[in-house]
Every structure is written in C-alpha cells, then in structure tokens.
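Work through the exercises below with the sequence and the coordinates open. Each has a task sentence and a stepwise solution.

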Amino acid sequence: MTDLDGFRSETRAWLEANCPAEMREPMRSEADACWGGRNWTFQSDAQRQWLEAMAERGWTVPDWPKDYGGGGLSAAEARVLKEEMQRIGARPPLTSFGISMLGPALLKFGTEEQKKHYLGQIARGEIRWCQGYSEPGAGSDLAGLQTKAEDKGDHWLVNGQKVWTSYADKADWIFCLVRTSTDSKQGGISFLLFDMETPGVSTKPILLISGSSPFCETFFDDVKVPKEQIVGEVNKGWDVAKYLLGHEREMIAGMGLGTGGSSVTLGPITKPADPLLRAEIAAFDVDALAFAAMSERFAAMWKAGEAHPASPSMMKYAGTELNKRRNELMMAAGGSDALEWENGSTPRSWLRSKGNSIEGGTSEIQLNIVAKHILRLPGT
Amino acid sequence: MSLLTDDQKMLQETAASFLAEEGSIAKQLRHWREIGCKDGFGHGLWKQFAELGMTGICIPESHGGLGLGATEATLVLEEIGRNLTPSPFLTTAVAGVRALEGTAHADRWFPGILSGEVVLALAIEEGPRHSPEHTALEAKRQGNGFVLNGKKQFVVQGGSADMIVAAARTSGSPGDREGITLFAVPKEASGLTVDSQALVDSSKAARLKLANVELDADAVIGEIDGGWQPLSRALAAGSAGAAAELVGVASGASAITLDYLRQRKQFGKLIGEFQALQHRAAHLYSEIEIARAAAFKAAQSLDTNDESAELHVSVAKAKAADVANLSVREGVQMHGGIGMTDEHDIGLFMKREAVLGELFGDVYFHRNRVAELSGY
C-alpha cells in the first residue's frame, strides 16, 4: 500500500464519520451553499457541523499551507480528498470568494502579516468577501476605473462607485481596485482591502432578469482605509487584479461542467423523445464530455505549470458558452413546464446563465486575450 | 487525467521531428500524388517507421514490439495528421494489430509489421455509411473451412495490403453483433477481386468482391461467431486513433492559417489585426484544445480499460471530426482565393479531413453512439 492509498483510506473513514447525511444530499440551488461570514445564519446544524469539522482539519482549503489555516496537502492528496468527497456526494463545506479569488492572490502578493491575518479567517469561513472591480464606466475596459483613493498620510480616502459587486449586501469585507494615480491607466491602480461596515460604504441590490439579486451597486463616500490594507505595491494593483481574474475565470469555467451535483450531460436527465431534439442534445453531450476532458487536462497542466498563463481565458470562454447552450436545451426539453416561474428553477437558471459570458470578462474579451497572448496575432 | 510522462514526451518529439522532416506534404503526399503511385503512400517511409520502432508501438513486448498503448499511438497520429503523411500506420499498426492481438494470427503477421514489410487492411463497410453490426458478407461452412461471398467497400489501402481482415457473417442476421466472424483473407486468395480507387484526398481505398473465396478454418481470427470482440477492439483503437489524427489535421490547418493572418495585408493592415478574424481564430484554438483533450481522454481510457472507454472514444471521434471540419473550412475561407488553388496546401487539409471524418464512423454515427451509451 502506498502512502496515498493510506491517505485515501484514512480520508474515507474520516469523511464517513464526520460528513452529516444531510450534507451528502445534492444541492438544490445556490441557496444551499454555505457562504460563512459574520452575519451567516446556518441553514441547519448539519451545515454548521460540516463547516467546523472541515475547517478544523484545514480542509476547506486543502492545498493551502497549514500556517495559514489550510490542510497542507500535496496536489495528489488534495485530489484524493476531492474524489472521496465526490464519492459520497459531500457538499463543499464552504463557498467563498475568499477561497476562490482573494486567497490565491494573497498567497502570491500578500505580506506575511496579511497572509496570517486574512487567510485563516477565510479558511474558517469567518469573513465573507466581495469583489469591487467593475464600475459604471469600466466594464470590459476594466483598467479605465475611476474610484479614487487619495493618500492622506495615515489612511487612504476612497470615493467612487462600483457595480456588479457580487453579494456586496451580504459581505463583510471587500477587495477593491482603486485609482491611486492618473499618470498611467493600468499603472495607476492599487488593490485595497476594507471592512464593508466602514462609515461611507453603502450598497444597493440589482434585480436581474432571472428574478434574483446576486449583484449590487456599491458606493464609497469618504471611506477611510488604513494604510497597511493594501495588497502589493502602490500603483501595482493591476498585477494582483489580473492574477485574481485568472482564478475567477477558472472558477466560472467550471460552470460548463454543470452545477450543484447535476450531470455533465443532458441526455440522461432530459430523455428527449423528439428525434431532432435528441440529435441536438447528443451533439451537446459530445461537447460537454469533451469539455469535461479539457477541464481535467487543464487542471493537471495548470498544477504542473504546463498551461499557458492566458489559458483560463479559453476555459472561461468555452465553459460559459457551453453552460448557456445547456440552459437553452433544458428550456427546449422542458417545453411549457419550463416556463413556470413561481417554483421553476429552469427559467431562472436559463436567464441567470446569460450573465456567465459577461461577468468576469465577456466572451469577446476572452477571445481578445486568446488572440493576443496565445495566438500572438498582430495589432492587439 | 494524467499528463505525458517523460518517455511519452520523448516519443512525441521523435515523431514530430521525423514526420516534419520525412513525412512532409512536399516529400510524401504531393510526391506520390504527382507520380500517380498505386499505393498512395511510400513503402520507404513505412520502413523508416519500422526502424524507429513506431510500427511496433501497439505490439506486445513478447512479440518484439514496444508494448505501449493508445496514448503513444495518439502522439504519433497527431503528427501524421499535422503533416498529412500518407501511411498505413493507423489501419495496420493500430487497428490491425488490435484485431489480431491475442489470436493465432499475431505470430504470423506481427514480425512483418515490426519490420515495415507488411501492410494490413480492414474490410468492414458494406455500404456508404459505417455500420459494423450490419455485416452481411456471407461465410458458409464447407468441409473443414468456409466459403465467402459478398462485397466490401472503403477498404483503406486494400490494394496494397498483404492481408485483409474481413468481417463476415457466420450466423444471425445483419444488425446482430453475435454471428460475426473475422477472417484473415490473403491478398492472393482465389475469387477475391480488389478494385483500388483514389479517394478525394489521393489516398487509396478498395472495393472488394468475394466470389466463392475458400478459406481454411485457421483463417478465423478469434472465435467463430465471436468476431465482434476483436472487431470492436480494432474499431475502438481505430476511432481513437482517427480522432488523434484529426486533431493533427485541425492543428496543422490552423497553424498555416494563423501564419497567413500574420502575413497577408489588405487595406494597409495585416488581416490578423481584424477582430472579425481574430475571434474566429481564437474560437478555433479553443475548440482544437478541447478536441485534443477528448482524444487523450479516449486513449487513456482505452489504456486503463476504463468501463466508459467506448463512450470516451465516441466523444473523441465526434468532437475531433467536428473541430477538424471547422478548422479546414475556416482555413480555406480565411485564405481567400489562394485557398481555392491546388497549389496551396490548405485545400489538402480539407480533403484529408473528409476521409478521416468518415473513417470508423462519422460525427452522426458517434453522436448517436454517445446517446445510446448514455441511455437515451
């Protein structure tokens, strides 16, 4: 028996003993996710127990170093843990932008003090983060952002507005791109962290076509941010921002694989009787399974450092376009059942999926990035 | 999915440099086409494949081969596809070897494949569309052997083959997997007519007529009535291999198209500066990466005897054919007028894609298999 086999059997036994039955039920929707944070109300005791048990082992972030609240697992061990969780259908103990976005950026760009302070809170689900990137005048052209942070000696004074801030109304802290210089577009941006309860911060949810409000407008009016709450150097925030966007795109690309325990392929769940619809669904299933293979390959290459640095853009593009197609076909297969709004998740999911190829950089922006950085086409 | 090992990377580099040099379009495809070669490929190159050990990739070490698998075959086939190299590699060294593996015919034919002297062909199709279950070629018992009557078509390199692996029906009806038997038919068999035709891509495929072809019982490959087992093994390896070759075709066509976008000027600009073309090129890149991943997944699942291997093979063949088709269509269109000329290579990629797309089942065949294997 190899060490990895030993790790697998220990992990299996531990999960059997510690993952509550309720946390092995498939998630019905995004609402079943555990986001954590200062104001979090657990859906059930099981949800709380599961988070606490996993956080204690550092397994909410299995491959982060132990010093920062992680599990210190090797890539191979982390994969075993993931497989063993999948085997019993265990839900993720914690869903968090801290884990998927800010954490990796702090690990790379944060000071030792910042890592010790923030990463542990993220790992334990104590602080819920939101992302202050887009602005009314800076969408695809993100580096055109205008939210201003003035150096006031002992603090930064932040004024401006963000938009499409995911769950800003529920978040405890924000990681935020601000303009600290107007001399250079990308070279005048800094990356700040601050508490959403700081005086001068306010949020307003945006109602989407899907009927939900996952995004907010966020306003900053003379917000004072302590000087040390900057990640990376002043005016070098764009490097941090881009690195973090790579992780965000990786996460969004995962949507091509289906969400919340639903299958990658559509045929087995829709059982299409119409031969023309069956043909379209079969064509989709081929693309979905091929993309699943790509995701496996991408993950292995990314970990081994063999992937092109711009490849998350390709994954984000392909995964989100696939997810939109999945939802179109779910609507077609559902017929008039799929139109019912009050208790219907299909039409809401269909409408929500339209945002996948917009948020985190539109499909068109991803194609620009691939054309420029991977294909090296001229003039871009 | 595991990444390539160091040995696999070395094989990939060897195949890439060998085929770019010796298997190039100018040295092989155009050369044989221009001199009107009856085989459509060069036996000299096939010998060089043998000297590098590549004809023995799938042959077990106990028979003197390398004893490697579908993954290694994939690496070689992608380079064959990229260079449009005419070669019996896929049908002989991959699908053919898998059909004979573990049967008494391995001893007879593997040495010649290892030395690059033997070419095999597979006679499966009886109509214009791939449908192996519908094998109808009649094989009746006679004395100690069999007598075969019927027709075959799309027998790739049938005119050059030393031996043809033919699927025939010994019991049951067309549509049944049971009752199919594989036979080793020697090229000199009496009653066998081989009508070799050039296909659209200048490769050769034969129509066969079998009129009272008498074979001994030991011509049976595997079990009587149980030919589906070696046949499906050969088809899986062949389909996964064709998928890899299609990825190479897609990749080769896209590489020369990208070069063109970086060189051709119109309106005082390089045409690669136009976003309308950049986005299509970037989309194509993404699709080719996905098709390559699907081809690796299929090969790895064959190598590990994964229970879903058949599904992954059909996904790979359907996806790779679809993407290669996109790549050659975009390639010709983006080249403009020059892409329509025989002198330019891009059109050769379009022709090769058409043949490989059909071989071992087209996009529609494999999408349908994915649906069936998924239970709908």
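Axes are lines fitted to C-alpha atoms, for helices over the stretch in contact, and angles run from 0 to 180 degrees between N-to-C directions. The model is predicted: local features need pLDDT of at least 70, side-chain atom pairs count only at pLDDT 80 or more, and totals for chains, interfaces and linings use all residues. Residues are numbered from 1 along each chain as its sequence is written, while chains are lettered from A and ligands numbered from 1 in the order in which they are written.

**Exercise 1. A helix pair across the chains**

Task: Find the angle at which helix H8 of chain A and H9(B) pack, and list the residues that meet.

Solution. 
- Step 1. Locate the helices. H8(A) covers residues 275–303, and H9(B) covers 309–335. Helices (H or I, at least four residues) and strands (E, at least two) are DSSP runs, numbered from the N terminus.
- Step 2. Classify the angle. Under 35 degrees is roughly parallel, over 145 roughly antiparallel, 65 to 115 roughly perpendicular, and the rest oblique. H8(A) and H9(B) are therefore roughly perpendicular.
- Step 3. List the contacts (C-beta atoms, placed from the backbone, within 7 Å). H8(A) brings Val286(A), Asp287(A), Leu289(A) and Ala290(A). H9(B) answers with Val315(B), Ala318(B) and Lys319(B).
- Step 4. Sort by class. Ala, Val, Leu, Ile, Met, Phe, Trp, Tyr, Cys and Pro count as nonpolar, Asp, Glu, Lys and Arg as charged, and the others, Gly among them, as polar. The contact of H8(A) with H9(B) has five nonpolar, no polar and two charged residues.

**Exercise 2. The whole interface**

Task: Describe the side of chain B that touches chain A.

Solution. 
- Step 1. Count. Chain B gives 34 residues to the contact and chain A gives 35.
- Step 2. Assign elements. Two or more residues come from each of helix H7 (228–263), strand E10 (269–270), helix H8 (275–303), helix H9 (309–335) and helix H11 (363–373) of chain B.
- Step 3. H8(B) gives the most, 14 residues.
- Step 4. Sort. This side of chain B holds 18 nonpolar, nine polar and seven charged residues.

**Exercise 3. The fold of chain B**

Task: Judge how compact chain B is.

Solution. 
- Step 1. Take the inventory: eleven helices and ten strands.
- Step 2. Compare with the globule rule (2.2 Å times the number of residues to the power 0.38; the radius of gyration is taken over C-alpha atoms). Chain B has a radius of gyration of 21 Å, close to the 21 Å that the rule gives for 376 residues, so it is as compact as a globular protein of that length.
- Step 3. The C-alpha trace spans about 80 × 50 × 40 Å along its principal axes.
- Step 4. Check burial (20 or more other C-beta atoms within 10 Å is buried, 12 or fewer exposed, in between partly exposed; C-beta atoms are placed from the backbone). Of the 376 residues in chain B, 55% are buried.
- Step 5. Check contact range. Among contacts in chain B with a separation of 6 or more, 74% join residues 24 or more positions apart.

**Exercise 4. Domains 1 and 3 of chain B**

Task: Characterise the contact between domain 1 and domain 3 of chain B.

Solution. 
- Step 1. Chain B has domain 1 (6–118), domain 2 (122–226) and domain 3 (229–373).
- Step 2. Count. Domain 1 of chain B gives 21 residues and domain 3 of chain B gives 27.
- Step 3. Find the main contributor on the domain 1 side. H4(B) supplies the largest share, eleven residues.
- Step 4. Sort that side: eleven nonpolar, six polar and four charged residues.

Key:
Two residues are in contact if their C-beta atoms, placed from the backbone, lie within 7 Å. Domain bounds come from an automatic or database domain assignment.
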